[in-house]
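Okay, thanks for making time, everyone. I'd like to walk you through one model today, so let me put it up on the screen.

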Amino acid sequence: MKIIEVLYGFWTGNRTENPRNRKSWVQLEKEIKETVPQDKQEILTRMIEDHSDSVEYSGFVAGF
């Protein structure tokens with residue numbers, strides 16, 4: 001039943017974020033702010049988010 005709930009969550013877009021993923025994003029955002037020029041931070045963050053979504057989607061599709 002839990003698997004069905006998770007799959008349904010992905011299908012509807014209502015999935016909960018893994019705490020480890022959230023911690024990773026916080027660390028990544030901190031590092032970006034410290035090392036990337038301010039005018040490039042949003043661009044880099046968007047690129048990383050888009051890439052992460054693509055990898056997640058590919059893994060999900062590959063599971064089927």
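Let's start with one side chain: is R22 buried, partly exposed or exposed? R22 comes out partly exposed, at a relative accessible area of 40%. For the cut-offs, buried is under 20% relative accessible area, exposed is over 50%, and partly exposed is in between, with a 1.4 Å probe and protein chains only.

Before I go on, the caveats. This is a predicted model, where local features need pLDDT of at least 70 and side-chain atom pairs count only at pLDDT 80 or more, while totals for chains, interfaces and linings use all residues. Residues are numbered from 1 along each chain as its sequence is written, and side-chain values use heavy atoms, with hydrogens and water left out.

On confidence: pLDDT is the predictor's own score for each residue, from 0 to 100. The protein chain averages 84, and 91% of the residues score at least 70.

Now the fold. We've got three helices and zero strands, running α-α-α from the N terminus. The radius of gyration is 15 Å, well over the 11 Å that the globule rule gives for 64 residues, so the chain is more spread out than a compact globule. That radius is over C-alpha atoms, and the rule is 2.2 Å times the number of residues to the power 0.38. The C-alpha trace spans about 45 × 20 × 15 Å along its principal axes, and 9% of the 64 residues count as buried. Helices here, by the way, are DSSP runs of H or I with at least four residues, and strands are E runs of at least two, numbered from the N terminus.

Back to R22, which sits in helix α2. Leaving out residues up to four places away in sequence, R22 touches E17 and E29; contact means heavy atoms within 4.5 Å. From R22 to I32 is ten residues in sequence and 15 Å in space, C-alpha to C-alpha.

P19 is in helix α2 too, and P19 counts as exposed at 64% relative accessibility.

So what does Q41 contact, beyond its neighbours within four places in sequence? I32, K33 and V36. Q41 belongs to helix α3, residues 38–62, and at 16% relative accessibility Q41 counts as buried.

That's my tour.
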